[in-house]
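Subject: Structure handed over, with notes

Dear colleague,

Please find the structure below, followed by my notes on what was found in it.

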Amino acid sequence: MVRPDRLLCRGFRQPVTEMLLASTYPSPVSDHRPLARPHQRFTDDGRRVSEVLTYARRGSRFTPSQQGSWDAHQQDWVIPDAAVDGAGFDLADVFGRRAPLIVEIGSGIGEATAALAAQRPDHDILAFEVWRPGVAHTLGLLAGAGASNVRLLGVDAVWSMEHLIAPGQLEELWTFFPDPWPKTKHHKRRIVNPEFARLAASRLKPGGVWRLATDWAAYAERMVAVLDQEPGLLGGRVERWADRPVTKFERKGVAVERDIVDLRYVAR
Ligand SMILES: C[S@@+](CC[C@H](N)C(=O)[O-])C[C@H]1O[C@@H](n2cnc3c(N)ncnc32)[C@H](O)[C@@H]1O
């Protein structure tokens with residue numbers, strides 16, 4: 001039987017990797033990428049340029065179950081990092097169709113991704129996660145949920161939002177339980193900051209929605225302060241989004257009696 005995810009690739013039984021190599025579509029953003037992605041920037045004398053990133057590097061070892069999921073689905077659902085380096089990278093090739101696009105940043109082990117994607121077969125969901133075991137785990141959940149409309153990318157989401165997503169391209173942006181970076185000296189690593197808010201507002205289509213959730217009270221306050229200041233966004237605290245499944249990070253927060261805060265901002 002032909003698997004539905006393969007059918008999505010314009011009727012060809014080709015995995016994501018081959019579709020990208022065969023791509024003839026122009027990039028929706030630009031054919032030129034002057035700035036290399038994070039971890040690829042070097043000074044003229046060959047030293048790595050230090051970068052402020054919103055994530056920490058974590059272990060890359062798979063459990064046997066994650067390895068099985070990776071082997072079964074990585075070729076179809078994971079976009080190779082290097083694919084974004086070439087001119088002409090186009091998400092239509094990756095998904096095998098053009099459909100309303102949702103981006104999730106920091107999908108973790110994919111609990112929210114799989115459940116929400118399965119409810120939205122008419123949307124494409126691009127999930128950014130730099131932690132490989134989380135990506136492998138997600139693949140297993142996607143297969144279990146029958147969600148073939150998700151592609152995972154392990155390249156920094158901040159860089160990718162700027163370079164791979166066109167202005168006005170997003171229906172929705174999801175940022176659930178982003179790393180809170182609680183120490184003051186690390187606040188500069190928080191993904192919700194004025195520069196990223198500007199970028200996110202520009203990538204959402206008018207009326208597009210940015211949904212956020214956190215269990216970190218101080219970060220929630222900061223998020224509201226930052227997002228309220230962004231002229232391209234309108235919104236604030238809302239009731240818990242009923243569609244959003246409880247994830248590992250929400251369970252951890254609830255276990256230590258933290259309040260969970262949901263935010264919803266609409267692009268003007
Ligand atoms: C605290 S976890 C939350 C995971 C998930 N959303 C949940 O609710 O369980 C945050 C995740 O975001 C990922 N992350 C942070 N910054 C990122 C970035 N710039 N690009 C891609 N992934 C990122 C981290 O690797 C981490 O797995």
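**What was found**

Of the 268 residues in the chain, 40% are buried, where buried is used for a residue with 20 or more other C-beta atoms within 10 Å of its own, exposed for 12 or fewer, and partly exposed for anything in between, with C-beta atoms placed from the backbone. This is a predicted model, in which local features need a pLDDT of at least 70 and side-chain atom pairs count only at pLDDT 80 or more, while totals for chains, interfaces and linings use all residues. Residues are numbered from 1 along each chain as its sequence is written.

The pLDDT, which is the predictor's confidence in each residue from 0 to 100, averages 89 over the chain, and 87% of the residues score at least 70. Over residues 1-13 it is below 50, and this stretch has 16 contacts in the model beyond near neighbours in sequence, a contact being two residues whose C-beta atoms, placed from the backbone, lie within 7 Å. Residues 21-28 also have a pLDDT under 50, with 17 contacts beyond four places in sequence. Where pLDDT is low, the predicted coordinates should not be read in detail.

The secondary structure comes to 10 helices and eight strands, taken as DSSP runs (H or I, at least four residues, for helices; E, at least two, for strands) and numbered from the N terminus. Among contacts between residues at least 6 apart in sequence, 81% join residues at least 24 apart.

Helix H3 (residues 64-77) and helix H6 (residues 132-145) have axes that come within 8 Å and cross at roughly 80 degrees, the axes being lines fitted to C-alpha atoms over the stretch in contact, with angles from 0 to 180 degrees between N-to-C directions. The two helices are therefore roughly perpendicular, a term that covers 65 to 115 degrees. Residues that meet there include Trp70 and Trp77 in H3 and Leu139 and Leu142 in H6. Glycine 144 also lies in helix H6, and this residue is exposed, with 11 other C-beta atoms within 10 Å.

Around the ligand there are 23 residues, of which the closest are Tyr55, Gly106, Gly108, Ala157 and Thr247, where a residue counts if its C-beta atom, placed from the backbone, lies within 6 Å of the molecule. Helix H7 (157-163) and helix H10 (248-255) each supply at least two residues of this shell.

Best regards

Technical notes: Parallel < 35°, antiparallel > 145°, perpendicular 65-115°, else oblique.
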